[in-house]
Amino acid sequence: HEFVIRAAFDKQLEEVRQQKDGVHRKMVALGEKVAGDVKVDPGKLVLSKTDQAGYFFVIPKREEAAIRKGPFAKKFNMIGTTQSKQKFTCDELQKLNLQWNDLSQQYEEMQQEIADKVLEVVASYLPVMESIGALLAEVDVLVSFAEAAALGNYVRPVVLPPGSGRIELKRSRHPCLEYQEGITFIPNDVVLHKEKSWFQLITGPNMGGKSTYIRQIG
């Protein structure tokens, strides 16, 4: 993941950012000086940047003669051309470009270091957040039970110890079915005693309530 830290968050980071801004201002001022030296409208000479070439100047193709001829021509190095534009640089701009690159690398390293420290602190709260999440989930379930009991007139069953072998439900209902619109659910009694009651397999048409009766016990 890539994290962007606000420069004002850290004093040293802010200082490096200010140095970067200062170098950029020098590049802009250099562009204005170059435009003045070659007698070109400053608005036509643009400071541009790519990841591969860094910062360079761009001038309209029709103004190309201004930088290829004249007393300042030897100062400029042509680095690319298109049908409508000429890209060029000079020694002073290249030096400023190196300063920019060094400061940018330093800024990124400092920013990553701060991000790592922030993540380390945040990670230390993870067990606490997981515990809070588990507690909230439990509260959510209990509140849902309470709301369902109040609206559906449910009662809490008496849970016998394991192995008691007895299930007795009086007027039990299927909570998911009876909340559906247009459904009138008929309550059912269930009595199962170990070694006294018998299971009976009942056949019938689909949607007759056979599996509903089994699931409501569950």
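The model is a predicted one.

H1 consists of 27 residues, and the distance from its first C-alpha to its last is 39 Å, close to the 39 Å expected at 1.5 Å a residue. At the N-terminal end, H1 is capped by Asp 10, which places a side-chain oxygen 3.1 Å from the backbone nitrogen of Gln 12. After H1 comes Lys 39, with a positive phi near 60°. Between these ends, the buried residues of H1 are Leu 13, Val 16, Lys 20, Gly 22, Val 23, Met 27, Leu 30, Gly 31, Val 34 and Ala 35. Their cover includes strand E1 (46-50), E2, strand E3 (76-81), E4 and H3.

Which residues have the most contacts inside the largest nonpolar core? They are Met 27, Leu 30, Val 34, Phe 57, Phe 76, Phe 88 and Leu 93, in a core of 27 residues. H3 gives the most, with eight residues. Setting aside residues up to four places away in sequence, Phe 88 touches Val 34, Leu 45, Phe 56, Phe 57, Ile 59, Ile 67, Phe 76, Asn 77, Met 78 and Ile 79.

Strand E4 also holds Gln 86. Is this residue, Gln 86, buried or exposed? Gln 86 counts as buried because its relative accessibility is 1%, and the cut-off for buried is under 20%. The side chain of Gln 86 makes a polar contact of 3.4 Å with the side chain of Thr 81. Not counting residues up to four places away in sequence, the residues that Gln 86 touches include Phe 57, Val 58, Ile 59, Met 78, Gly 80 and Thr 81, and also Lys 61, Glu 64 and Arg 68.

Helix H3 contains Met 110. With a relative accessibility of 15%, Met 110 counts as buried. Apart from neighbours within four places in sequence, Met 110 is in contact with Asp 10, Gln 12, Leu 13 and Val 16. Asp 10 is the residue that caps H1, and Leu 13 and Val 16 are among the buried residues of H1. Met 110 and Ala 66, by contrast, are 44 residues apart in sequence and 42 Å apart in space, C-alpha to C-alpha.

The next stop is the largest pocket, with a volume of about 1100 Å³. Its lining has 25 residues, and those nearest its centre are Tyr 154, Val 155, Arg 156, Pro 157 and Leu 169. Helix H4 (126-152), strand E5 (166-172) and helix H6 (210-217) are the elements that each give two or more residues to this lining. E5 gives the most, with seven residues.

Two loop residues remain, and the matter here is backbone phi. Most residues other than glycine have a negative phi. Lys 39, in the loop between H1 and E1, has a positive phi near 60° without being a glycine. Lys 39 counts as exposed because its relative accessibility is 73%. Asn 153 lies in the loop between H4 and E5. Asn 153 is not a glycine either, and its phi is positive at about 60°. With a relative accessible area of 64%, Asn 153 is exposed.

Conventions:
Residues numbered from 1 in each chain as written. Predicted model: local features only at pLDDT ≥ 70, side-chain atom pairs only at ≥ 80, totals over all residues. Heavy atoms only, no water. Core = buried A, V, L, I, M, F, W, Y, C linked by side-chain atoms within 4.5 Å. Buried < 20%, exposed > 50% of the residue type's maximum accessible area, 1.4 Å probe, protein only. Helix = DSSP H or I, 4+ residues; strand = E, 2+ residues; numbered from the N terminus. Contact = heavy atoms within 4.5 Å. Expected span 1.5 Å × (residues − 1). Polar contact = N/O pair within 3.5 Å; in protein donor to acceptor, adjacent residues only side chain to side chain. 1 Å grid on protein atoms, 1.4 Å probe; cavity = no way out; pocket = protein on both sides within 12 Å on 5 of 7 lines; lining within 4 Å. Points joined across faces, edges and corners; volume = space filled by probe spheres on them.
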